Amino acid sequence: NVEDIKKLQSKLLVRLVKRMYINVPYYQKKLRNLGIDLEEIKGIGDIYKLPFMTKDDLKKAYPDKLLAVPKSECVRIQSTSGTTGKRVIAYYTKNDIEIWEECCARAIVAAGGDSQDVCQVSFGYGLFTGGAGMNGGAQKVGCLTLPMSIGNTKRQIQFMTDLNTTILCCTPSYAANLGEYIEKNDLLDKLSLKTGIFGAEPWTNEMRRELEKKLRINAYDIYGLTEIMGPGVAFECIQKDGMHIQEDHFYAEVVDPIDGHVLPEGALGELVLTSLTKQAFPLIRYRTRDLCKISRKKCLCGRTHIKMSKPIGRSDDMIIIKGVNVWPTQVEAVLLENGYSSNYLLEVDRTNCQDSLVIKVENDKKIRDEEIKKREIIKLENELRSTLGIRGTVVFVDIGVIKRSEGKSQRVIDHRKLY
């Protein structure tokens with residue numbers, strides 16, 4: 001029950017803070033500079049007294065100044081998929097990997113997976129955590145595991161049909177890409193797919209419905225980040241109504257993205273996570289930049305762990321246009337509701353101090369008549385204006401023009417020279 005969870009989290013937090021203070025000089029200095037006495041931290045209710053950790057801390061401590069164990073005890077590193085500056089390096093002990101794979105196994109079981117399934121892991125392998133985490137989780141469940149990684153769509157589908165894949169794990173945008181190929185080549189009846197476990201980028205419930213229809217599957221969300229562990233921090237159950245955060249390993253808070261104060265349950269804000277059981281690279285109150293809500297509302301699946309909503313996006317991915325906060329997922333929802341695919345691109349520019357937004361949409365309905373096309377564009381522009389609060393210009397492009405993604409998709413190009 002919840003009280004037992006709180007007792008466990010309190011015990012783990014007190015132990016973690018002491019271990020970090022003793023073994024991580026960088027963190028010890030951080031606490032001393034703020035005048036924080038370890039004796040003040042008596043349980044999980046005192047966590048708000050501790051400082052946030054951010055990506056800036058990880059950059060300053062690169063590559064190993066946040067290690068809480070001797071490097072000789074580490075057996076693996078993973079790294080973020082970022083493309084600018086120094087990447088975040090996360091270290092793992094054998095026990096860290098055991099916990100990670102157990103968390104991913106729980107996610108697969110929650111989506112209906114068992115040892116009779118064939119699980120095709122089409123997340124990236126290598127330094128990216130997606131492939132490694134789901135690979136280990138699938139094997140722990142006992143699935144026949146296909147470590148496909150990303151790319152080579154033709155081969156992906158060949159293995160999917162020849163080996164009767166039942167569970168597909170990848171980014172939702174790559175699942176949409178696979179769906180296009182399957183539809184184009186009339187292969188759907190040759191597949192044995194029943195389940196999709198998708199993550200690593202924000203995606204809407206509208207996109208879920210689209211993927212479920214195209215692939216004839218049940219689609220589930222999985223959440224994680226390299227800094228905390230990888231995929232499996234939270235996962236959807238068969239209710240598909242939020243993701244259960246694995247509270248025996250992680251403590252979650254939601255804070256105001258601007259001033260950092262903790263928000264009440266049900267409020268939209270930035271997710272902050274503490275890795276309670278990580279040995280090599282634990283983080284306390286790490287600001288994820290992911291925007292969501294958390295809720296203790298009882299789940300019909302019977303699990304008691306707190307749930308987080310699907311992230312609507314990231315506070316650092318949010319675009320401010322004409323003073324209005326815009327997230328790509330808002331655009332995606334409108335397009336999917338109107339029968340368009342998730343292949344779109346937002347281009348933002350500034351001329352004479354005036355911002356402009358162009359929304360490139362693939363002409364999925366294959367509208368050729370210019371009058372009909374004009375009416376459709378006006379309809380989309382009006383609905384987008386109602387949702388976003390600003391006017392954008394919709395431009396139809398031919399199907400296939402917008403670059404497909406095999407990993408995380410790029411939805412925004414900002415031409416403004418803001419910095």
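Strand β7 (residues 218-225) is largely enclosed by the rest of the structure, because six of its eight residues are buried. Buried means under 20% relative accessible area, exposed over 50%, and partly exposed in between (1.4 Å probe, protein chains only). Strands (E, at least two residues) and helices (H or I, at least four) are DSSP runs, numbered from the N terminus. The model is predicted: local features need pLDDT of at least 70, side-chain atom pairs count only at pLDDT 80 or more, and totals for chains, interfaces and linings use all residues. Residues are numbered from 1 along each chain as its sequence is written, and side-chain values use heavy atoms, with hydrogens and water left out.

Two strands pair if DSSP finds at least two bridges between them. Strand β6 (residues 195-198) runs parallel to β7, joined by four bridges. Phe198 stands opposite Asp221 in β7. From β6, the chain passes through helix α8 (residues 205-215) to β7, in a right-handed β-α-β crossover. Right-handed means that, with the strands pointing away from the viewer, the path from the first strand over the helix to the second runs clockwise. Strand β8 (residues 230-236) pairs with β7 in the antiparallel sense, over four bridges. Tyr223 has Ala234 in β8 as its bridge partner. A hairpin of four residues joins β7 to β8.

The cysteines were examined next. A disulfide is a pair of cysteine sulfur atoms within 2.5 Å. The count is zero disulfides. The sulfur of Cys104 is 6.9 Å from the closest cysteine sulfur, in Cys103, and is therefore too far for a bond. Cys104 is buried, at 0% relative accessibility.
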